[in-house]
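Please look over the sequence and the model before reading on. The notes that follow are grouped by topic, so that each part can be compared with what is on the screen.

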Amino acid sequence: MTRYGMLINTKKCVGCYACRTACQRQNGLPAELDFIRYEEQETGTYPLVGIETIPLQCMHCEDAPCAKVCPTGATYITDEGIVRVNEERCIGCKYCYQACPYEVPQYNSVSMDKCDCCQKAGVELGEEDPYCVRACKFGALKFGPLDELLEATNGSAVPIAELNDPSCLVLGTE
């Protein structure tokens with residue numbers, strides 16, 4: 001089965017928050033809940049220094065600790081590698097949040113919730129992009145099969161982190 005993921009090009013992201021706003025709107029999230037946060041990374045050496053903005057969301061880890069610790073199986077990994085939460089099964093214990101090294105799952109007053117690549121909002125994997133990707137006018141975000149994303153960068157993209165084999169690649173960091 002094809003494993004899907006995200007490619008973040010830090011050289012193209014300007015930190016405009018369009019991806020986060022689109023995600024919140026299309027997923028019906030209240031203002032205080034968001035599935036995308038931003039981190040800044042200093043680049044270069046004096047006097048040629050800069051700051052890159054990196055939008056971060058669920059890494060959709062192949063070895064997702066959030067799914068492993070869920071006592072009800074509400075957090076699970078699909079065949080396509082997307083980590084999802086079944087709100088009907090979730091008891092709100094927050095074990096998934098505690099286990100996630102990226103601090104992704106959030107409590108939405110009913111259950112835990114997180115990025116599911118807009119599947120809950122009706123996006124079909126392989127048919128259309130998640131709303132965050134569609135909203136990015138600078139082309140900083142790409143979504144698709146991981147092998148195709150890596151191939152499109154001629155192998156220069158790297159996993160955003162080492163823990164748990166994340167399905168998120170980054171391009172442009174120094």
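Is Y38 buried or exposed? Y38 is buried, because its relative accessible area of 16% falls under the 20% cut-off. Please keep in mind that this is a predicted model, and that the values below are computed from it.

**Aromatic pairs**

- The count of aromatic pairs comes to two, and one of them is formed by Y4 and F143, which are stacked with 5.6 Å from centre to centre and 20° between the planes.
- This pair links distant parts of the chain, since Y4 belongs to strand β1 (residues 4-9) while F143 belongs to strand β8 (residues 141-145), 139 residues apart.
- Both Y4 and F143 are buried.
- Y17 and Y38 form a stacked pair as well, with 4.2 Å from centre to centre and 25° between the planes.

**Charges over rings**

- The charged end of K94 sits over the ring of Y107, at 4.8 Å from the centre of that ring.
- R134 lies over the face of Y131, and here the distance to the ring centre is 4.3 Å.

**The nonpolar cores**

- In soluble globular proteins, nonpolar side chains tend to be buried together.
- In this model the largest nonpolar core has 37 residues, and those with the most contacts inside it are M6, C132, L141 and F143.
- The elements that give two or more residues to this core are β1, α1, β3, α2 (65-69), β5, α4 and β8, and the largest share, three residues, comes from β1.
- M6, when residues up to four places away in sequence are not counted, touches Q57, C132, V133, L141, K142, F143, L149, S167, C168 and L169.
- A second, separate core has six residues, including L7, L146, L149 and A157.

**Helix α1 and what covers it**

- The buried residues of α1 are C19, R20, A22, C23 and Q24.
- What covers these buried residues includes β2, β3 (48-56), α4 (131-135) and β8.
- After α1 comes G28, which has a positive phi, near 65°.

**Backbone details in the loops**

- Y46 and P47 are joined by a cis peptide bond, with an omega of about 10°, and P47 is found in the loop between β2 and β3.
- K94 is not a glycine, and yet K94 has a positive phi of about 70°; its place is in the loop between β5 (83-85) and α3 (95-99).
- With a relative accessibility of 38%, K94 counts as partly exposed.
- S109 is not a glycine either, although its phi is positive at about 85°, and S109 lies in the loop between β6 (106-107) and β7 (112-113).
- S109 counts as exposed, because its relative accessibility of 60% is over the 50% cut-off.

- M112 lies in strand β7, and M112 is buried, with a relative accessible area of 3%.
- Leaving out residues up to four places away in sequence, M112 touches V85, E87, C90, K94, C96, Y97, P105, Q106 and Y107, and two residues of this list, K94 and Y107, are also the ones in which a charged end sits over a ring.
- M112 and A135 are 23 residues apart in sequence, and their C-alpha atoms are 25 Å apart in space.
- R84 is found in strand β5, and its side chain makes a polar contact with the side chain of D116, at 3.4 Å.
- Which residues is R84 in contact with, leaving aside its neighbours within four places in sequence? They are A74, T75, Y76, T78, K114, D116, Q119 and K120, and among them D116 is the partner in the polar contact.

Technical notes: Residues numbered from 1 in each chain as written. Predicted model: local features only at pLDDT ≥ 70, side-chain atom pairs only at ≥ 80, totals over all residues. Heavy atoms only, no water. Phe/Tyr/Trp six-rings, centres within 6.5 Å; stacked < 30°, edge-to-face > 60°. Helix = DSSP H or I, 4+ residues; strand = E, 2+ residues; numbered from the N terminus. Buried < 20%, exposed > 50% of the residue type's maximum accessible area, 1.4 Å probe, protein only. Lys NZ or Arg CZ within 6 Å of the ring centre and 35° of its normal. Contact = heavy atoms within 4.5 Å. Core = buried A, V, L, I, M, F, W, Y, C linked by side-chain atoms within 4.5 Å. Polar contact = N/O pair within 3.5 Å; in protein donor to acceptor, adjacent residues only side chain to side chain.
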